[in-house]
Amino acid sequence: MSGRLRTLLAIVTVLALLVVGAPAGAINGHSAQFPAEIDLPEGFFPEGITIGRGTKFFVGSLADGSIFRGDLRTGQGEVLTDPAGPFATIGIDVDKRNRIWVSGGPTGTARVYDGRNGSLLETYELTAPFGSFINDVIVTKGGAWFTDSGTQNSPDPDMFQFAGEPRLFKVPFGPGGKLPDAGAIEELTVDIPDVVFPNLNGIETTPDGRGLIVAHSSLGALFAVNPSNGSAQQIDTGVEFVSPDGLVRKGRILYVVEPGAAQVSAVRLDRRGTAGVVRSVIPVVGAESPTTADIFGRYLYVADARFFSMTGPYKVFQVPRR
């Protein structure tokens, strides 16, 4: 077995240990007639999910890096993009121009695809290959922000290990929202404690749109980040989340996906995103280890990576928001 394959297997092991060891109707929001569960291709191994135009959604595969495009109304879909390699597609988001932004995991890249035909539009090298773990992405008005869950602390790529150094990367939009040149990439060190992998994971914007919110998986916490200088403060919620992963926000309600408990916590934030209270805890019934979610109407749609069993059937679950 090659060193890099051992690396990828080690990543899955770490994520699984975190999980195991951790304590359709009308489009206007009534989706009771939409499928409550959507089947993904056999062996797909999903992680990120994002909802695009109309009832279209996209899910990324940890198995081969491809992206599945489906329809929330029918539950049908197809693989949209070519494979990009194991663990080459982690978090994903779609912008207003129907471009799909992808976090490249240990490849150290960010990729952008055309949401209509799946063609690869651009690849950005955020870090050296196998030098870090680009985990999740959020598209804002000014560009796409990516979380880095850890950096390599060994000079030998076949002896890959992860360390801390929480940081973010930004790919800023060019004039008129155009994709920028590779040299436009910005790196931001975040003032959050260095701990074991994984550190920064899910990412969202604050309710006032001025800041960012990141999930710290190892600490079980959320942090509000100033995107101009990297200063950060832990969001006071009064709880410790169970290996928090994906984040998605609607107004002042932030939904925190917790793979270790197969649930989503709904946190009501203040306007600046510096404090909040858990309003409800929503079980994802039937899921094994849900990782990320997006919102359509009155429902969350949650991808289940099944880190416990490491095998299918892989699904997207429809969960009522609370």
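Modeller: Let's start with the rule: a salt bridge is a side-chain nitrogen of Lys or Arg within 4 Å of a carboxyl oxygen of Asp or Glu. This is a predicted model, where local features need pLDDT of at least 70 and side-chain atom pairs count only at pLDDT 80 or more, while totals for chains, interfaces and linings use all residues. Residues are numbered from 1 along each chain as its sequence is written, and side-chain values use heavy atoms, with hydrogens and water left out.

Colleague: Fine. What makes Glu288 and Arg306 a salt bridge?

Modeller: Their closest N and O atoms are 3.3 Å apart, and the cut-off is 4 Å, so the pair qualifies.

Colleague: Which parts does that pair tie together?

Modeller: Glu288 sits in the loop between strand S21 (276–283) and strand S22 (290–296), and Arg306 in the loop between S23 and strand S24 (315–320), so parts 18 residues apart in sequence are tied together. Strands here are DSSP runs of E, at least two residues, and helices are runs of H or I, at least four, numbered from the N terminus.

Colleague: And why is Glu288 called buried?

Modeller: Buried means under 20% relative accessible area, exposed means over 50%, and partly exposed is in between (1.4 Å probe, protein chains only). Glu288 has 15%, so buried it is. Arg306, with 14%, is buried too.

Colleague: How many salt bridges are there in the structure?

Modeller: Nine. One of them joins the side chains of Arg99 and Asp95 at 2.7 Å, N to O. Arg99 is at 9% relative accessibility, so it counts as buried, and Asp95, also at 9%, is buried as well. There's also a network of salt bridges linking Glu37, Asp39 and Lys315.

Colleague: Take Asp114 and Arg116, whose closest N and O atoms are 2.7 Å apart. Is Arg116 buried or exposed?

Modeller: Arg116 comes out at 58% relative accessibility, so it counts as exposed. Asp114 is at 10% and therefore buried.

Colleague: What does the Asp93 side chain reach, then?

Modeller: The backbone nitrogen of Val139, at 2.9 Å. A polar contact is a pair of N or O atoms within 3.5 Å; within protein, one must be able to donate a hydrogen and the other to accept it, and residues adjacent in sequence count only if both atoms are side-chain atoms. Leaving aside neighbours within four places in sequence, Asp93 also has contacts (heavy atoms within 4.5 Å) that include Thr50, Arg99 and Trp101.

Colleague: Why is Val214 called buried?

Modeller: Val214 has 0% relative accessibility, so it counts as buried. The residue belongs to strand S15 (residues 212–216), and beyond four places in sequence its contacts include Leu168, Ile192, Phe223 and Leu247.

Colleague: On to the greasy bits. Which residues touch the most other members of the largest nonpolar core?

Modeller: Phe57, Leu72, Tyr301 and Val316, out of 24 residues. S23 gives the most to this core, with three residues. The term covers a set of buried Ala, Val, Leu, Ile, Met, Phe, Trp, Tyr and Cys residues joined through side-chain atoms within 4.5 Å. Setting aside neighbours within four places in sequence, Phe57 is in contact with Ile38, Ile49, Leu72 and Val316, among others.

Colleague: What makes Phe34 and Phe296 a stacked or an edge-to-face pair?

Modeller: Rings of Phe, Tyr and Trp (its six-membered ring) pair if their centres lie within 6.5 Å; planes under 30 degrees apart count as stacked, over 60 as edge-to-face and the rest as tilted. For Phe34 and Phe296 the centres are 6.0 Å apart and the planes at 25 degrees, so the pair is stacked. Phe34 is in the loop between helix H1 (3–21) and strand S1 (37–39), and Phe296 is in strand S22, 262 residues apart.

Colleague: And what is the geometry of Phe44 and Phe68?

Modeller: Their centres are 6.2 Å apart and the planes at 70 degrees, so that pair is edge-to-face. Both of these Phe residues, Phe44 and Phe68, are buried. The count comes to seven aromatic pairs, and ring pairs link Phe45, Phe87, Phe307 and Tyr314 into a cluster.
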